Amino acid sequence: MNKGLWLAVAGLLILHHDFWLWDNDYLVAGVLPIGLAYHVGLSLVITLTWAVLTLKCWPADLTQE
Amino acid sequence: MELLAQTATETTVFSAGMIRLLIIVGYFGLLLVLGGVATTFLKQNNRDYMLASHSIGPFLLLMSLFGTTMTAFALVGSSGEAFVDGIGIYGKLASISGIVHSLCFFVIGTRIWKFGKRFGHTTQVDFFRDRLDSPRMGLFLFPVLILLLIPYILGGVIASGTVVQSLTAGAFPNWFPHDQPALDGGVPPYLGSLVVCLVVLAYVFFGGMRGTAWANCFQTLVFMILGVVTFYLIAMKLGGGDDLGSSMANAIQQVPRSHTTRQEMSRSLFLTYMLIPLSVATFPHLFQHWLTAKNAASFKLPIILHPFFIMLVWLPCVLIGVWAAAPGVLPEAWYQSPITHQNKVLSYLVTKHTSPIVGGMLAAGILAAVMSSLDSQFLCLGTMFTQDIYRRFIRRFRTTHPSGPTADHPDDEPSVWVARSFILAIVAISYVLGIWLNGSSVFKLSIWCFSGFAGLFPLILAALYWRGLSAGGAQAAIVTMAATWGFFFFQSGFGQGVVDSDGIRRPYQLLVPGTEWEILPVVPIIATTTVVMVLVSSLTPKPSTNTLAKYFEHP
C-alpha cells in the first residue's frame, strides 16, 4: 500500500486531535464556536486530501479492474 | 404554506399534526411506488436481487453508501447528543468519520469488491470461507453479525417511533392522549415504528438491491436537502434576526460555556472515539453495497465526497442541538433530565418552529435518514441467511436427508420466502425490543453496535493484507470479540449506563489502570481480538498455497 496514503492519513489524525482548542470559547464570525469551526474546516481539508489521494495513490491493480 | 396551515387550524378539519401525518403517509406511498418501479427492472435471479448485477455507478454508489452509513444516529442522535454534551460530538464522530470511512472504502472496500467480483462472493461469510479455506466460517461469523446488527436496527426502530410521535402530536388527541403536551395526540411509537418497518420491508422485498439503492439515493437527497432547510428555518426562529448570520449569532449567545467548548469532555475518551468509525469496514450491509459497484473507479467519488457530505448533514444538526441547550428553548423538564429527552430534541424544534406542511416534509426527511439504513440492513439479513445458512446447511441437509427433495418435490432452489421469513423474524424481534427500550438513547445504543463491528476490523484487515492469517486465528478472533463485547455490554447494563453511588445513571466507561484516563470499551475489544488472532494464527495451519496465490499476487 502506498506510503503517501498512510502519511496523509496520519497527518489528518494528528490534526484531528486539537487539544489546544479544548477550553477556548471564542466564536468565529460571532456564530461558530472555534472548536466546532476548526473541525468543519478540517472536514474540508479531509475532502481535498482524499481527492488528491485518489488521483495520486490509486493502486495500479485497481486501474485495470 | 403558512396560509394553508392557518386555514387548516381555523377550520379544525386538519390539525397541524394531521397535516404532518398526511405528508408522511404520502412520502411512504412515494417510496412504495419507487420499490414497485424497481421491480420492473429486476432480473429474475439471486445475483440481481442481492447485488444489482454489479451495475451501480459512482453517483448511485456515493448516495447509497452515504445514505446507509448516515442513520437516525446522524440526525436525531447527533442533535440530541449536542444538546446533552455540546460541540464535542462533531469531532468525536463526524470529522473523524470523514478520515476513517473514506480510508476503509479505499483500503478495504475496493479490495472486497475486486475479490468479490472475481470469485463470486455475496456476503462476508462467502469471502472469509473462500479466503481461509474454511467451510465452517459461517457458524462463527453469522451469529455474531446478526447479534450486532440487532442493536443497529433497534436504533432505527426507536428513532422512527419517537420522530413520528413528536411530529404528529395533536393529530389524534382522543385516541392517543399523552401526559406531555408536546406529545399529546401523536401516533404512539409502537404504531409509528411498525408502519416504518412495514414500508421498508415492502420495497426491499419487491425491489431487492436495485430498489434499495434507488430508494437510498432518493432518501439521501431528501434528508440532505430538507436538513439544510430545517436548519435555516429553526435558526431564523430561534435567533429571531433579520438574516441567517444574525440569527445564528443570537441563537448561540445564551448557550452555556459547557456546550460551546469541550471543557467537560475527557480528552482520552475523545481520542478513543477514533476507533468507532472503523466499524464501517465490517458492516455486512455496507459489504453488500461495495459489491454492487460497476468497477473499481466507481469508488473514487464516494471516497472523495463522503467527508464533505458528513459535514453537510452533521453541522446543522449539531448546531441545532447546541442552541437547544440555551435556557427556554425546550420544555423546562427536559433540562432536568436531558438524556431522557435527547431523542426528541430535533422533532420538537421542527414541530414548534415550522409550519405544518414544512414540518411534514422535514419529518419525511428525518424518516428518510432512518429508512435509508434500515432497508440495507433488512436486505443484508435476508442475503446472509440465504447464502450462509440456508444454502450452506439447510438445503444441503435436505438434499442428503431421506425427507429431502424427491422427484415429487424437485424444486430445491433457495426459496425467497425463507429469506423473507428470516428478515421478518429479526425485524419482529427488533421491533419488540425497540418498543421495550423506547426511552433509550439512540446514540449510546449505536455506539455499542459500532464497537462490536470495530472489534472485527483487525480480522478483515488481516484477511486482505496478511498471508499469515489462519482459519483458526480468524475463528478465535471472532469468539474473542464476541466474548469481550458481550462482557462489557453486560457490565454497562446492556448499554443503559451504570448507576453511581449518588444514584445517578452515567455512561459506562473504562479507566486505563493506574491513571484517570477514560477510554471506550472498543479499545480492549480491538486489542484482545488482535492479540488472539495473531497468536492462534501463528499456531494453526494456514490456507493452501493455491488459496493464498488467489488473494496475494506477489509472494
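Reader: How many residues does the contact take from chain B and from chain A?

Author: Chain B gives 46 residues and chain A gives 39 residues. The model is predicted.

Reader: What area do chain B and chain A bury between them?

Author: About 4000 Å², with 73% of it on carbon and sulfur atoms. The size of an interface is often given as the accessible area lost when the parts come together.

Reader: What makes the meeting of A:Asp25 and B:Arg257 a salt bridge?

Author: Their side chains meet at 3.0 Å, N to O. The cut-off is 4 Å between a side-chain nitrogen of Lys or Arg and a carboxyl oxygen of Asp or Glu, so the pair qualifies. The count between chain B and chain A is four salt bridges.

Reader: How many residue pairs are in polar contact between chain B and chain A?

Author: There are 14, with both residues at pLDDT 80 or more. On the chain B side, the elements that each supply at least two residues are α6 (88-119), α10 (244-253), α11 (257-260), α12 (267-272) and α14 (300-324). The largest share, 15 residues, comes from α6(B).

Reader: How do the residues on that side of chain B divide into nonpolar, polar and charged?

Author: They comprise 27 nonpolar, twelve polar and seven charged residues.

Reader: Which residues have the most contacts inside the largest nonpolar core?

Author: B:Phe127, B:Trp314 and B:Trp323, in a core of 198 residues.

Reader: Which residues does B:Phe127 touch, not counting those up to four places away in sequence?

Author: B:Phe127 touches B:Ile112, B:Phe115, B:His121, B:Phe287, B:Ile460, B:Ala463, B:Leu464 and B:Tyr551.

Definitions and conventions
Residues are numbered from 1 along each chain as its sequence is written. Chains are lettered from A and ligands numbered from 1 in the order in which they are written. This is a predicted model: local features need pLDDT of at least 70, side-chain atom pairs count only at pLDDT 80 or more; totals for chains, interfaces and linings use all residues. Side-chain values use heavy atoms; hydrogens and water are left out. Contact means heavy atoms within 4.5 Å. Buried area is the accessible area (1.4 Å probe) that two parts lose on being put together, summed over both. A polar contact is a pair of N or O atoms within 3.5 Å; within protein, one must be able to donate a hydrogen and the other to accept it, and residues adjacent in sequence count only if both atoms are side-chain atoms. Helices (H or I, at least four residues) and strands (E, at least two) are DSSP runs, numbered from the N terminus. Ala, Val, Leu, Ile, Met, Phe, Trp, Tyr, Cys and Pro count as nonpolar, Asp, Glu, Lys and Arg as charged, and the others, Gly among them, as polar. A nonpolar core is a set of buried Ala, Val, Leu, Ile, Met, Phe, Trp, Tyr and Cys residues joined through side-chain atoms within 4.5 Å. Buried means under 20% relative accessible area, exposed over 50%, partly exposed in between (1.4 Å probe, protein chains only).
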